[in-house]
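Please open the structure in your viewer and keep the selection tool at hand. The stops below each say what to select and what is there.

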Amino acid sequence: MYGFEALNFNVDGGYLEAIVRGYKAGLLTTADYNNLCQCEHLDDIKMHLGASDYAPYLANEPSPLHTSAIVEKCTQKLVDDYNHMLSQATEPLSTFLEYITYGHMIDNVVLIVTGSLHERDVHELLEKCHPLGMFDSIATLAVAQNMRELYRLVLVDTPLAPYFSECITSEDLDEMNIEVMRNTLYKAYLEDFYRFCKKLGGATSTIMCDLLAFEADRRAINITINSIGTELTRDDRKKLYSNFGILYPYGHDELSVCEDFDQVRGAMEKYPAYQGIFAKLSFGESQMLDKAFYEEEVKRLTLTFEQQFHYAVFFAYMRLGEQEVRNLMWISECVAQQQKSRIHDGVVMIF
Amino acid sequence: MGFVLFWREWTHAFLYMSPFVFSAIGIALSVGVSVLGAAWGIYITGSTLIGAAIRAPRITSKNLISVIFCEAVAIYGVIVAIILQTKLENTTQPFHPESMRAGYSLFSSGIIVGFANLVCGLCVGIIGSSCALSDAQNSTLFVKILVIEIFGSALGLFGVIVGIIMSSQATWPSSPI
């Protein structure tokens, strides 16, 4: 029951909750980002990061430093933190932590399938995959010719198998189908995660269901905007929206008939949270929408740490870690390309 | 269905139970449930303290106070159990009204102390857990949260005081000459 988890949460989860809050204390603050934005070279960035939790990972990198090296090492730190927590977790926390990585698995699968469609080398693609979403038979994805083979050869042994029931067709894989496949898989994953969190009950379900609803609504809006002007029909578009969230079901009806960005903005007028996001952008502009969504997401994720004795802090830490890596990538790229004026366009401050 | 109506027989059930049964259960509850509360509170604080101290080792020595407050709750239970058992005298008239009253007062004293200490231990344990996490992030918060814990541990003391007052009236009838 919500409110009494303080009595027995600490039996299995108390130690790991304290560990993840320790990790969160190591995330970079606004002052750190301001220092990083003043850097002239990538070596300055490495020096500033030497005072943070990334120090052991970047210490042995040889100069000259590349932005890809910084991003890779910082992602490695996040992966090490995750593996440390997963190895010590018991049920149901271990299942919860595994659910967090399924989104990355889906992205990796789509990356490899798209890459092999364009005749890229499998090893090159494997290096670009996100380390949190790796699984054993991932390299065999390059061999599959259509979705049925994809499922039968590789995915039936992975945790993504149950998400495939809605998208097995015998069609060949092409650009459009792959995107539809990605979104269908992600929809099934979000709904599965939502059901799992609801089953956990207590504060975890309340907070996680809120966060997942925001994620589902954000994806619905992004799918709508990205499919404006493409061949995706209204019904197909509607099938890609998840069946939970604030926008379900009436917002989805409105979104599925939108034909341009301002119509989307008009459809979102009724939902105060999303209306606030669209209000930050002036008319006709859609580039800053991603950043506005990231800012809203970060705000909600930091609020999860206000409460104790629930699992949403683990989810929030992983997402905030990814946001931090995105920030570092943006800063490194701006510094490397000497475009310091645009540096604040892409950095989302966390604390 | 008919036997429910024979309420005189039901009250006889209590009248025929020896007061020593009630006293012994009271003493058992006083120490058993208090120790349950103390243990519950200690594990809630301890698991969080260990995890938070990995990152901020400086918090360990100060935050042991939370564990000590929880432990005090168990000590209250033991002290009251010892006091109660000294009040338990043998008597040749176990069903005299005065000895029935003594039995019930020891029983109630045990329940009071046991359950007051149970919730006190829980309260101090949960606050101690949050205290460890807050101290790890910002060391100025420790003393302020400690004040909350002190108020929490006063709850156990209330239980002990009332329990001792209840048991002080436990007098057993002297043997008829």
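Start with helix α11 (residues 234–239) of chain A, where A:Lys239 and A:Asp236 are three residues apart and so separated by about one helical turn. Helices here are DSSP runs (H or I, at least four residues; strands are E, at least two), numbered from the N terminus. This is a predicted model, in which local features need pLDDT of at least 70 and side-chain atom pairs count only at pLDDT 80 or more, while totals for chains, interfaces and linings use all residues. Residues are numbered from 1 along each chain as its sequence is written, chains are lettered from A and ligands numbered from 1 in the order in which they are written, and side-chain values use heavy atoms, with hydrogens and water left out.

Show the side chains of A:Lys239 and A:Asp236: they meet in a salt bridge of 3.8 Å, N to O. The term stands for a side-chain nitrogen of Lys or Arg within 4 Å of a carboxyl oxygen of Asp or Glu. A:Lys239 is exposed at 55% relative accessibility, and A:Asp236 is partly exposed at 33%. Buried means under 20% relative accessible area, exposed over 50%, and partly exposed in between (1.4 Å probe, protein chains only).

Next, select helix α13 (residues 261–267) of chain A, where A:Asp262 and A:Arg265 are three residues apart, separated by about one helical turn. Their salt bridge has its closest N and O atoms 3.8 Å apart. A:Asp262 is partly exposed at 33% relative accessibility, whereas A:Arg265 is buried at 8%. Elsewhere, A:Glu215, A:Arg218, A:Glu297 and A:Arg319 are joined into one network by salt bridges that share partners.

Over all chains, the structure holds 22 salt bridges. One to select is A:Asp53 with B:Arg55: A:Asp53 lies in the loop between α3 and α4 of chain A and B:Arg55 in helix α2 of chain B, so the pair joins two chains. The N to O distance is 3.0 Å. Both A:Asp53, at 21% relative accessibility, and B:Arg55, at 37%, are partly exposed.

Stay with the two chains. How many residues does the contact take from chain A and from chain B? It takes 18 from chain A and 16 from chain B, contact meaning heavy atoms within 4.5 Å. Together the chains bury about 1,300 Å², 58% of it on carbon and sulfur atoms; this is the accessible area (1.4 Å probe) that two parts lose on being put together, summed over both.

Now select helix α3 (residues 42–49) of chain A, in which A:Leu42, A:Ile45, A:Lys46 and A:Leu49 are buried. They cover an arc of only 100° around the axis, which puts them on the same side of the helix; the arc is that of the directions from the helix axis to the C-beta atoms. Among the elements of chain A that cover them are α2 (30–37) and α16 (312–336).

The last stop is B:Ser34, in helix α2 (residues 19–55) of chain B. B:Ser34 is buried, at 0% relative accessibility. Its side chain makes a polar contact with the side chain of B:Asn117 (3.1 Å). A polar contact is a pair of N or O atoms within 3.5 Å; within protein, one must be able to donate a hydrogen and the other to accept it, and residues adjacent in sequence count only if both atoms are side-chain atoms.
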